[in-house]
Amino acid sequence: MSFDTTVDSTTTTEPTTPTPTSPHISWSDSFSEAQTAIKTLSTILPSIPPSLTSSDNPSSTLLHDAETSAEISRLLRLPDSGAGGDHLCRWLYDTFQSAKADLQLVVLRFLPLITGLYLSRVPLRKPLAGFEAVLLAIYAHETVSRNGQAVTVTIPDLSHSSIYHETKLNTKNNATELNLTVISPSLEPHGTVRSTRRARIVGVALELYYSKIWQMPSESKIDFCEFCTLWAGQDGDVYKNGPDDEVVETGEAEENCEGENVGAKEGRIPLPWELLQPVLRILGHCLMGYKKNNELYEAACGACRSLYARSLHDINPKAILATRSLLRLVKMKSNSEDKVDHTEIVMSNVINL
């Protein structure tokens with residue numbers, strides 16, 4: 001399938017999106033595919049560390065190699081990146097289409113940069129067919145993997161008996177037979193990115209990123225948090241002490257702002273729920289993940305504060321509730337670290353009389 005794309009004046013691009021497949025993959029096939037991907041990447045980057053070509057697990061080495069990741073990030077951040085003829089975007093596209101799970105992780109590692117740069121540049125009317133081809137490849141992969149079905153969860157219902165108790169009463173009711181909540185709506189195949197589909201396509205790509213986030217390097221998550229702050233377009237520093245301890249600024253600052261768009265910044269983008277929901281899931285992991293990384297934690301806190309300020313500005317009840325909950329969890333966590341649990345039994349070999 002061709003990577004070539006066309007762009008018209010109505011923010012519509014038409015990359016060819018092949019259908020992903022899931023054949024049986026042996027270790028030797030995966031190794032040779034990774035070596036081929038690294039060899040192709042060496043024609044795009046100025047240099048490749050010898051550790052990549054000599055590694056017994058080239059895919060994992062490529063995923064975690066800081067030098068190579070930094071160089072790829074630098075090329076992605078160039079002002080003219082993301083166009084239809086971008087060789088790096090083509091490499092990312094072909095690598096993801098290889099259907100090798102370990103190589104797909106390498107592409108997902110750069111998804112925060114791709115989505116961040118893409119959504120930030122859409123208002124500039126630049127050709128972004130390269131970025132869109134990668135996003136469509138990920139979307140098509142998820143569509144096939146999920147068979148187009150929605151992702152749902154069953155919510156506990158008090159009208160039904162607990163599985164741990166017996167009851168003689170038949171409380172089943174057709175109205176409460178299934179109490180399902182849709183986490184992610186059903187998917188339809190898309191071969192183009194239109195303005196009405198953009199948030200959904202990017203949101204599905206971020207859902208896949210979230211499902212693999214425990215395998216992502218911290219640098220990838222930090223990039224994501226920084227773009228979230230940029231997308232919010234609001235200054236959230238007034239909520240550093242939590243959502244309940246808002247500091248109301250008065251005086252000269254208010255006079256300069258004239259009460260309009262207080263704290264607004266450049267980079268703001270529309271944040272519909274289909275895009276914001278996976279964003280908040282990822283931020284929740286960055287805040288509460290089992291591996292504590294101070295830089296990542298601070299970046300996630302800043303992103304949550306900015307998104308909370310944005311949700312208040314937009315008067316978006318669902319977003320206010322979600323972001324406020326994250327900030328309260330942050331405050332509870334910080335308070336618990338400062339307190340001493342006097343009920344805790346201290347183990348010691350010394351007996352005090």
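Helix α9 passes helix α12 in a left-handed crossing; a crossing is called left-handed if the near helix is turned anticlockwise from the far one by less than a right angle, and right-handed if clockwise. The structure is a predicted model, in which local features need pLDDT of at least 70 and side-chain atom pairs count only at pLDDT 80 or more, while totals for chains, interfaces and linings use all residues. Residues are numbered from 1 along each chain as its sequence is written, and side-chain values use heavy atoms, with hydrogens and water left out.

Let me stay with this pair of helices. The axes of α9 and α12, the latter covering residues 273-288, come within 8 Å and cross at roughly 20 degrees. Axes here are lines fitted to C-alpha atoms, for helices over the stretch in contact, with angles running from 0 to 180 degrees between N-to-C directions. The two helices are therefore roughly parallel to each other, the term for angles under 35 degrees, whereas angles over 145 count as roughly antiparallel, 65 to 115 as roughly perpendicular and the rest as oblique. On the α9 side the contact is made by A199, R200, V202, G203, L206, E207, Y209 and Y210. On the α12 side the residues are E274, L275, P278, V279, R281, I282 and H285. Contact means heavy atoms within 4.5 Å.

V202 lies in helix α9 and, at 1% relative accessibility, counts as buried. Buried means under 20% relative accessible area, exposed over 50%, and partly exposed in between, with a 1.4 Å probe and protein chains only. V202 and E132 are 70 residues apart in sequence, and their C-alpha atoms are 9.3 Å apart in space.

I turn now to the charged residues. A salt bridge is a side-chain nitrogen of Lys or Arg within 4 Å of a carboxyl oxygen of Asp or Glu, and by this rule the count comes to seven. One of them joins E207 to R146, with the closest N and O atoms 3.2 Å apart. E207 lies in helix α9 (residues 198-211) and R146 in the loop between α8 (129-145) and β1 (151-154), so this pair ties together parts that are 61 residues apart in sequence.

Another salt bridge joins the side chains of R310 and D314, at 2.6 Å from N to O. These two residues are four apart in helix α13 (residues 294-314), so about one helical turn separates them. R310 is buried, with a relative accessible area of 7%, whereas D314 is partly exposed, at 37%.

The next residue is T323, found in helix α14 (residues 317-338). T323 is buried, with a relative accessible area of 1%. The side chains of T323 and S311 are joined by a polar contact of 3.5 Å. A polar contact is a pair of N or O atoms within 3.5 Å; within protein, one must be able to donate a hydrogen and the other to accept it, and residues adjacent in sequence count only if both atoms are side-chain atoms. Leaving aside neighbours within four places in sequence, T323 is in contact with L280, C304, L307, Y308 and S311.

S81 is buried, with a relative accessible area of 3%. Which backbone oxygens does the side chain of S81 reach? A polar atom of the S81 side chain lies 2.5 Å from the backbone oxygen of L76, and the side chain also reaches the backbone oxygen of L78 at 2.9 Å. Beyond four places in sequence, the contacts of S81 include D86, R121, L128 and F131.

Finally, the chain as a whole. The protein chain has 14 helices and two strands; helices (H or I, at least four residues) and strands (E, at least two) are DSSP runs, numbered from the N terminus. Of its 353 residues, 43% count as buried. Among contacts with a separation of 6 or more, residues 24 or more positions apart account for 74%.
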